Amino acid sequence: MAAPRSLALWNYCSRRWSRAMRGCQLLGLRGSWPEAPLSARLLSQEKRATETHFGFQTVSEEEKGGKVHQVFESVAKKYDVMNDMMSLGIHRLWKDLLLWKMHPLPGTQLLDVAGGTGDIAFRFLNYVQSQHQRKQKRQLRAQQSLSWEEIAKEYQNEEDSLGGSHVMVCDINKEMLKVGKQKALAQGYRAGLAWVLGDAEELPFDDDKFDIYTIAFGIRNVTHIDQALQEAHRVLKPGGRFLCLEFSQVNNPLISRLYDLYSFQVIPVLGEVIAGDWKSYQYLVESIRRFPSQEEFKEMIEDAGFHKVTYESLTSGIVAIHSAFKL
């Protein structure tokens, strides 16, 4: 019996060592060997530790935040139009699938991060309102003695139409939030909805506050993805769910070639023609390619403390929904 235990312990230690070494590589510690002078090694490590990527460019971590902010300031007004053009409208289906995967019930408290334009929030409100109305109908059928006035009163209470559900939209970009608020006003969304300016890496919320955390096509723009995942874990209640919709790496060689051709040759041109901004859409395409693979991202979610981590590929692997639970 000792041999299997030893083997299991060896495998466990090997996995933790592998993750630790990968973490060191991400921090820029790879290649600093003892033969280099100590001062030179420390200086080299410090330099690499503050560097990250902005698309295919190497920039400082401080510089990336400003550059990403400028990108979304630039694209905010044309964001919805460009999403339709770039994905041929399929992004709407991807977001619908995220809601079906979420399956929120009346009373759910949702935090949608990097959701400034409100796409996930509005779908959430529609979904829980529909669920609550079904529940009301079942209750009314069970109470045949109610008058028409009492029935009408049940449906006229706008605040109660969501069954106590609430969605908090958090985005670091004021222009994106401005677009979302304008859409909410135009489409009549008022109850159960709030907007907060905040950073995914340092959320302005208390611990154990939300039932569900979502981030759709936003986490790849975060400078420290591991820190954003830790914040997601912190603000979720025990038993809460993490759901991330993000582009992934296409495994099919033929689809991958077509996808690359469309991404690098067509999307920046669309960005220039429709939004007058080639560079921002070139960055958005490059940021997709720099995002970790499904398995690597799954390990990052696990390292943040989440359990039951899964991912579901959509549209031939172009997009994936990552799901996890906080125990």
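Analyst: What follows goes through the sheet and then the helix contacts.

Analyst: This is a predicted model, in which local features need pLDDT of at least 70 and side-chain atom pairs count only at pLDDT 80 or more, while totals for chains, interfaces and linings use all residues. Residues are numbered from 1 along each chain as its sequence is written, and side-chain values use heavy atoms, with hydrogens and water left out.

User: OK, what is the strand order in the open sheet?

Analyst: The open sheet has 7 strands in the order E5-E4-E3-E6-E7-E9-E8, with mixed pairing; strands (E, at least two residues) and helices (H or I, at least four) are DSSP runs numbered from the N terminus, and two strands pair if DSSP finds at least two bridges between them.

User: Which are the edge strands, and what does the twist average?

Analyst: E5 and strand E8 (307-314) are the edge strands, each pairing on one side only, and the twist averages 15° from one strand to the next. Such angles run from 0 to 180 degrees between N-to-C directions, with axes fitted to C-alpha atoms, for helices over the stretch in contact.

User: Do E4 and E5 run parallel or antiparallel?

Analyst: Strand E4 (residues 166-171) and strand E5 (residues 193-197) run parallel and are joined by 5 bridges, and the bridge partner of Asp 171 in E5 is Leu 197. Together with helix H8 (residues 174-187), E4 and E5 make a right-handed β-α-β unit, where right-handed means that, with the strands pointing away from the viewer, the path from the first strand over the helix to the second runs clockwise.

User: And what about E9, how many bridges join it to E7?

Analyst: Strand E9 (residues 319-325) is joined to strand E7 (residues 236-247) by 7 bridges, and the two run antiparallel, with Leu 245 standing opposite Ile 321 in E9. E9 also pairs with E8 in the antiparallel sense over 6 bridges, and there the bridge partner of His 307 is Phe 325 in E9. The hairpin of E8 and E9 has 4 residues between the strands, and in it Thr 315 takes a positive phi near 50°.

User: Switching to helices, at what angle do H10 and H11 pack?

Analyst: Helix H10 (residues 253-275) and helix H11 (residues 278-290) pack at an angle of about 155°, with their axes 7 Å apart. That makes H10 roughly antiparallel to H11, given that angles under 35 degrees count as roughly parallel, over 145 as roughly antiparallel, 65 to 115 as roughly perpendicular and the rest as oblique. H10 passes H11 in a right-handed crossing, the near helix being turned clockwise from the far one by less than a right angle.

User: Which residues make that contact?

Analyst: Among them are Tyr 259, Phe 264 and Ile 267 of H10 and Trp 278, Tyr 281 and Val 285 of H11, where contact means heavy atoms within 4.5 Å. The residues of the contact of H10 with H11 divide into 10 nonpolar, 3 polar and 4 charged; Ala, Val, Leu, Ile, Met, Phe, Trp, Tyr, Cys and Pro count as nonpolar, Asp, Glu, Lys and Arg as charged, and the others, Gly among them, as polar.

User: How do H4 and H5 cross?

Analyst: The axes of helix H4 (residues 79-87) and helix H5 (residues 90-102) come within 7 Å and cross at roughly 100°, and H4 and H5 are therefore roughly perpendicular to each other. Their contact residues divide into 2 nonpolar, 3 polar and 3 charged.

User: Last one, which residues of H9 and H12 meet?

Analyst: Ile 225, Asp 226 and Leu 229 in H9 meet Phe 297, Met 300 and Ile 301 in H12. The crossing of H9 and H12 is right-handed.
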